[in-house]
Amino acid sequence: MRTTSPNASRRRSAAILAAAILTVGVAGCGSSDSPSTAQAGPSASTSANPDAGVLGIRDPWVKAADKGMTAAFGTLVNDGDADVTVTSATTPLSPMELHEMAMKDGKMVMRQKQGGIVIKAKSSHALEPGGDHLMLMNLTKPVQAGDELTVTLTFADGKTQQFRALAKPFTGAQESYAPGHGEPMPGTSATPEMSMSPAS
């Protein structure tokens, strides 16, 4: 009887060891799955917030509009050690362009931002009325106050990041866009003018 007791105890130890190996193996599989889905890049993994992505985006919003064009705004925050360049933006609701406001012939005009929007390392960049913004060029349906719009940013290194912007009414900068600016054409300089009246 004493000879079977050590064998039984060895079998029990072997079973416990096998279970431990199986548990570690399963845990290893689980952890290798999650990085592959979140494998947006090294900068995404350095953040404590797994949804942070390449940039932090504070207070994203879009100007409510019934038709035509509108714009998305917010503050892009780069906590990383290298500059980040946004090269394009997309949304299912409309083609998008990166735009800036600049003086031309004594007037404030809106134009496509050449070279993308650069967010310096350890700094932030405001997207705001009267400044850089993400322009929705041709709405396929109205954007009403309270709607949420999903926007995808593409960066110079090919990474992408999504964020959601809440639509709200805004009359501050009094944008007035020239007709026909919805589709950019090579060789033309369609630059909608913007009447800059102080926000009250």
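Is Phe 170 buried, partly exposed or exposed? Phe 170 counts as partly exposed, because its relative accessibility is 29%; buried means under 20% relative accessible area, exposed over 50%, and partly exposed in between, with a 1.4 Å probe and protein chains only.

Before the views, two notes on how to read them. This is a predicted model, where local features need pLDDT of at least 70, side-chain atom pairs count only at pLDDT 80 or more, and totals for chains, interfaces and linings use all residues. Residues are numbered from 1 along each chain as its sequence is written, and side-chain values use heavy atoms, with hydrogens and water left out.

**View 1. Trp 61, Phe 73 and Phe 170 are linked into a cluster by ring pairs.** Rings of Phe, Tyr and Trp (its six-membered ring) pair if their centres lie within 6.5 Å; planes under 30 degrees apart count as stacked, over 60 as edge-to-face and the rest as tilted. There are two aromatic pairs in the structure. One of them is the tilted pair of Trp 61 and Phe 73, with 4.6 Å centre to centre and 40° between the planes. This pair links distant parts of the chain, as Trp 61 sits in strand β1 (residues 56-63) and Phe 73 in strand β2, twelve residues apart. Strands (E, at least two residues) are DSSP runs, numbered from the N terminus. Trp 61 is buried, with a relative accessible area of 12%, and Phe 73 is buried too, at 3%. Look also for Lys 168, which lies over the face of Trp 61, 4.6 Å from the ring centre; for that, NZ of Lys or CZ of Arg must be within 6 Å of the ring centre and within 35 degrees of the ring normal.

**View 2. Phe 170 lies in the segment after β10 (160-168).** Leaving aside neighbours within four places in sequence, Phe 170 is in contact (heavy atoms within 4.5 Å) with Trp 61, Lys 63 and Pro 129. Phe 170 and Val 62 are 108 residues apart in sequence, yet their C-alpha atoms are 9.0 Å apart in space.

**View 3. Asn 78 is in strand β2 (residues 70-78).** Asn 78 counts as buried because its relative accessibility is 2%. Its side chain reaches the backbone oxygen of Ala 82 at 2.8 Å. Beyond its neighbours within four places in sequence, Asn 78 is in contact with several residues, among them Leu 55, Asp 83, Ile 119 and Lys 120.

**View 4. Asp 81 and Lys 122 meet in a salt bridge, 3.3 Å from N to O.** A salt bridge is a side-chain nitrogen of Lys or Arg within 4 Å of a carboxyl oxygen of Asp or Glu, and the structure holds seven. Asp 81 is in the loop between β2 and β3, and Lys 122 in the loop between β6 and β7 (123-127), 41 residues apart. Both Asp 81 and Lys 122 are exposed. Asp 83 and Lys 120 also meet in a salt bridge, at 3.5 Å from N to O; they link the loop between β2 and β3 to the loop between β6 and β7, 37 residues apart. Asp 83 is partly exposed, with a relative accessible area of 43%.

Notes:
Helices (H or I, at least four residues) and strands (E, at least two) are DSSP runs, numbered from the N terminus. A polar contact is a pair of N or O atoms within 3.5 Å; within protein, one must be able to donate a hydrogen and the other to accept it, and residues adjacent in sequence count only if both atoms are side-chain atoms.
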